[in-house]
Amino acid sequence: MKYVTALILALCISACGEQAQAPKAKTHEDIFVLIENGGTIASEDQDEACNTALHLLQQLTSLSRRKATSDVQIHIILSALPNRIAWSGTAGQLLSQAEDVTNLIVFKPTFSDLVMAFDQIETTVNLTQPDSIRLYWIGSTVHVPFQQGNDPIDVEVPQEVPNELALANLASKLTTLKIMRVHPDQDKVLQAYLGSLGILKRARSGDIDFELLGEAQTKSRLNTLL
């Protein structure tokens, strides 16, 4: 009888073990903030562009108050310094280093290399291997490539999106894409490009939080940029 009882208990324990569900692995999300600070931002627009960036960064610090998002990595990239991450850290670190981060946003009458900036984003994604990405992009979306020398650079808008832009390689991981202060002549070009990546279709199905905002729209949404 003792043997039978022990066998029943063993079978019960085994069955319960099979039914127990392992806890879900925590998803890994990275946030990228691309701020255009090159010559594509006219001097009269720089204060508003900086104000937009500061509002967004302030709202990102609120992620530190939630356990689920307190350790999310935030990466800031500047288009006039596109070959490196200008700053990286958690929302809590962003809050504690707010003055240092603010001082990074300096506008320069120089190139604004979006191809190099997105290459840097892709490199970082390949290194950190997030499950999902949020991307916030502030600027005209006009690409002015890096070049040697001091010769003036002529750029015409509307400008086609560069074929080599690595955003195409990141599209499937995006859960949020918000592009702010877009140059008015770039709106239709961007819609066509993002449509070709499937972003607009995913936005219609609710699979991605997507917004394409001009200057006036951005200004009216300053308190709800996330």
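Predicted model: local features only at pLDDT ≥ 70, side-chain atom pairs only at ≥ 80, totals over all residues.
Trainee: What share of the contacts joins residues at least 24 apart in sequence?

Mentor: Among contacts between residues at least 6 apart, that share is 80%.

Trainee: Why is Ser-79 called buried?

Mentor: Buried means under 20% relative accessible area. Ser-79 has 0%, so Ser-79 is buried. You'll find this serine in the loop between strand S2 (73-78) and strand S3 (87-89). Leaving aside neighbours within four places in sequence, its contacts include Leu-34, Ile-35, Glu-36, Phe-111 and Asp-113.

Trainee: And Arg-181? Why does an arginine with a relative accessible area of 8% count as buried?

Mentor: The cut-off is under 20%. Arg-181 comes in at 8%, so Arg-181 is buried. Arg-181 sits in strand S5.

Trainee: Is Gln-129 buried or exposed?

Mentor: Exposed means over 50%. Gln-129 has 53% relative accessibility, so Gln-129 counts as exposed. Its place is in the loop between H5 and S4.

Trainee: Now the middle of the protein. What makes the largest nonpolar core a core?

Mentor: A nonpolar core is a set of buried nonpolar residues joined through side-chain atoms within 4.5 Å. The largest one has 30 residues, and those with the most contacts inside it are Phe-118, Leu-167 and Leu-177. The elements giving two or more residues to this core are strand S1 (29-35), helix H5 (114-128), S4, H6, S5, H7 and S6. H5 brings the largest share, six residues.

Trainee: What does Phe-118 touch?

Mentor: Leaving out residues up to four places away in sequence, Phe-118 touches Leu-34, Leu-135, Trp-137, Leu-165, Ala-166, Leu-167 and Leu-170. Apart from this core lies another one, of 27 residues, including Val-33, Ala-49, Leu-56 and Val-72.

Trainee: How do you know that helix H7 has a buried side?

Mentor: In H7 (residues 187-196), Val-189, Leu-190, Tyr-193 and Leu-194 are buried. These residues cover an arc of only 120° around the axis, which puts them on the same side of H7. An α-helix has 3.6 residues a turn, so residues three or four places apart point the same way. On the other side of H7, Lys-188, Ala-192 and Ser-196 are exposed.

Trainee: What do the buried residues of H7 pack against?

Mentor: They pack against helix H6 (167-170), strand S5 (174-182), helix H8 (199-204) and strand S6 (209-214). After H7 comes Gly-198, with a positive phi near 85°.

Trainee: What makes the nonpolar surface patch?

Mentor: Ile-153, Val-155 and Val-157 make it, and it covers about 190 Å². To join a patch, a residue needs over 30% relative accessible area.

Trainee: Why are Ile-153 and Val-157 called partly exposed?

Mentor: Ile-153 has 35% relative accessibility, so Ile-153 counts as partly exposed. Val-157, at 32%, therefore gets that label too. Ile-153 is in the loop between strand S4 (132-138) and H6, and Val-157 is found in the loop between S4 and H6 as well.

Trainee: Where does Val-157 make its contacts?

Mentor: Leaving aside neighbours within four places in sequence, Val-157 is in contact with Val-142, His-183, Asp-185 and Gln-186. Val-157 and His-183 are 26 residues apart in sequence and 8.7 Å apart in space, C-alpha to C-alpha.

Trainee: What kind of peptide bond runs from Val-157 to Pro-158?

Mentor: That bond is cis, with omega near 5°. Pro-158 has its place in the loop between S4 and H6.

Key: Residues numbered from 1 in each chain as written. Heavy atoms only, no water. Buried < 20%, exposed > 50% of the residue type's maximum accessible area, 1.4 Å probe, protein only. Helix = DSSP H or I, 4+ residues; strand = E, 2+ residues; numbered from the N terminus. Arc of directions from axis to C-beta. Contact = heavy atoms within 4.5 Å. Patch = residues over 30% accessible without salt bridge, like charges linked within 9 Å, V, L, I, M, F, W, Y side chains within 5 Å. Areas by Shrake-Rupley, 256 points an atom, 1.4 Å probe, with all protein chains shown as cover. Salt bridge = Lys/Arg side-chain N within 4 Å of Asp/Glu carboxyl O.
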